[in-house]
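Hello,

Here is the structure for you to look through. My notes follow below it.

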Amino acid sequence: MKKWEQLVLVGGAVLISYGCVAQDATPATSTEPSQEQANKVESANTALALKGQELPNFTVQTADGMTKVSTDLVSDRPTVLIAWASWCPDCQQQLPIVEELYQQYKDKIHFVGINMTDGSRETKDKAMKYLSENSYTFPVVFDTESKALDALQVDTIPTMYFVRNHMIEKVVITVENKENLAKWLNEML
């Protein structure tokens, strides 16, 4: 094997072991990531720079193909935007908690899942099937052109944006437990 082929194989193994970067999330073995893991992910994640900024403009698609702009996704209530994909192991861990909190807070806080729909690995059909199989009922839109991905600077998924009055108050880039998320939701009320 040539030296460059070895480097490519080693580099690929490193990327795979690091986790789901660029549309994947760093794997978590528990709901509480180690401080070292959190620091490593946070230092490289550009989504965190949006904290304290106005929600950027982007467009997404509804399940029936209608276009919505980012301002349509937020309401007069506090809003949580969740960037996710059905194939993402960390999203699979986080979404049941999101659904539970959606059921608890849906009259006070608006929830919107933004599916990272790339057209191959993640399609609308795959996402809708996943939502149906897991009985998820929170509202979902589809980022079919990566406009939300780019505007929200999504480096890893799941990424959650806590928005009030069109301002991003908090960005969460790690899988979180129900208690932490409920605490942050209550802070928005």
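Does Ser-146 count as buried, partly exposed or exposed? Ser-146 counts as partly exposed because its relative accessibility is 24%, where buried means under 20% relative accessible area, exposed over 50% and partly exposed in between (1.4 Å probe, protein chains only).

This is a predicted model, in which local features need pLDDT of at least 70, side-chain atom pairs count only at pLDDT 80 or more, and totals for chains, interfaces and linings use all residues. Residues are numbered from 1 along each chain as its sequence is written, and side-chain values use heavy atoms, with hydrogens and water left out.

Backbone. Most residues other than glycine have a negative phi, and most peptide bonds are trans. Ser-146 is not a glycine, yet has a positive phi of about 60°. Asn-165 also has a positive phi, near 55°, and counts as exposed because its relative accessibility is 62%. Ile-157 and Pro-158 are joined by a cis peptide bond, with omega about 0°.

Glu-122. This residue is buried but has no salt bridge (a side-chain nitrogen of Lys or Arg within 4 Å of a carboxyl oxygen of Asp or Glu). The nearest side chain of opposite charge, Lys-126, is 6.3 Å away; Lys and Arg count as positive, Asp and Glu as negative, while His and the chain ends are not counted. The side chain of Glu-122 reaches the backbone nitrogen of Ser-86 at 2.5 Å. Residues that Glu-122 touches (heavy atoms within 4.5 Å) include Trp-84, Trp-87 and Thr-117.

Regards

Technical notes. Polar contact = N/O pair within 3.5 Å; in protein donor to acceptor, adjacent residues only side chain to side chain. Lists of a residue's contacts leave out its neighbours within four places in sequence.
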